[in-house]
Amino acid sequence: MESILFFRLLVSCLIHLITYTGILLFSNFVIGYSMKDVGTVVLAILISLFSLVGMYGMGMIFASVCICEKRVGSLVLIVQTMLLLVTNALSPAREPLIYLIPFTSGIDIVREIYMGNKVSISLVFIYVLVNVVWMLLGIICFRFALRHEKRYGAFDNY
């Protein structure tokens, strides 16, 4: 079940990537900026796609909570706002602890590429490791929640 959802997400992202590339090429034709800029933007999008793996895991954890608790209200909105304010999306990272959030190191990698700086290998390793761990954790939580709900819960009480 998780793999079907993940592949739907992956196909959707690839379609968006093709669309964005077409828009960038059309913009390049109309506005006339350098192809290096287009390459940098496409590379940034490709790098950012891997953070979907970790965010998928985080989404599976929220799905697990929804399966078990049934009524979670605006929990996702609260966590989404918290992530926006805590991560380095608005300003560069101050604390290394925020690299435990799936997309924060990806933001720093893209920021370094845009500035023309060399990207640290340790930052790339952290990026891959954190995203894989979040995905595995999400899948484990989701499977546990489904198994628990099948045994002790009721799926008709949503």
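A disulfide is a pair of cysteine sulfur atoms within 2.5 Å. By that rule, this structure has zero disulfides. The model is a predicted one. Take Cys 141 as a test case. The closest cysteine sulfur to that of Cys 141 belongs to Cys 68, and the gap is 9.4 Å, so the two are too far apart for a bond. Cys 141 is partly exposed, because its relative accessibility is 26%. Cys 13 counts as buried, because its relative accessibility is 15%.

Now step back to the whole chain. The protein chain has six helices and zero strands. Read along the sequence, the pattern is α-α-α-α-α-α. The C-alpha trace spans about 60 × 35 × 25 Å along its principal axes. There are 158 residues in the protein chain, and buried residues make up 31% of them. The accessible surface comes to about 10400 Å². Carbon and sulfur atoms account for 72% of that surface.

Contacts and charges come next. Consider contacts in the protein chain between residues at least 6 apart in sequence: 62% of them join residues at least 24 apart. The chain carries 11 positive and 8 negative charges.

How many aromatic pairs does a search of the whole structure find? The search finds one. The pair is made by Phe 50 and Tyr 127, with ring centres 5.8 Å apart. Why is the pair edge-to-face? The planes of the two rings stand at 65°, and planes over 60 degrees apart count as edge-to-face. The pair links distant parts of the chain, as its two residues are 77 residues apart. Phe 50 sits in the loop between helix H2 (35-49) and helix H3 (51-69). Tyr 127 belongs to helix H6 (residues 121-152). Their surroundings can be compared by accessibility. Phe 50 has 29% relative accessibility, so it counts as partly exposed. Tyr 127 is buried, because its relative accessible area is 4%.

Another loop holds Phe 103. This residue lies between helix H4 (75-86) and helix H5 (104-115). Is Phe 103 buried or exposed? Phe 103 is buried, with a relative accessible area of 18%; the cut-off for buried is under 20%. Which residues does Phe 103 touch, not counting those up to four places away in sequence? They are Ser 51, Met 55, Leu 83 and Thr 87.

Move on to the loop between H5 and H6, where Ser 120 lies. Ser 120 is partly exposed, because its relative accessible area is 35%. Ile 109 is 11 residues away from Ser 120 along the chain. The C-alpha atoms of Ser 120 and Ile 109 are separated by 8.2 Å.

Finish at helix H1 (residues 2-31), which contains Ile 31. Ile 31 is exposed, because its relative accessible area is 63%, and exposed means over 50%. Thr 19 is 12 residues from Ile 31 along the chain. The C-alpha atoms of Ile 31 and Thr 19 are separated by 18 Å.

Methods:
Residues are numbered from 1 along each chain as its sequence is written. This is a predicted model: local features need pLDDT of at least 70, side-chain atom pairs count only at pLDDT 80 or more; totals for chains, interfaces and linings use all residues. Side-chain values use heavy atoms; hydrogens and water are left out. Rings of Phe, Tyr and Trp (its six-membered ring) pair if their centres lie within 6.5 Å; planes under 30 degrees apart count as stacked, over 60 as edge-to-face and the rest as tilted. Helices (H or I, at least four residues) and strands (E, at least two) are DSSP runs, numbered from the N terminus. Buried means under 20% relative accessible area, exposed over 50%, partly exposed in between (1.4 Å probe, protein chains only). Contact means heavy atoms within 4.5 Å. Accessible areas come from the Shrake-Rupley method with a 1.4 Å probe; for residues, only the protein chains shown count as cover. Lys and Arg count as positive and Asp and Glu as negative; His and the chain ends are not counted. The place of a charge is taken as NZ of Lys, CZ of Arg, CG of Asp or CD of Glu.
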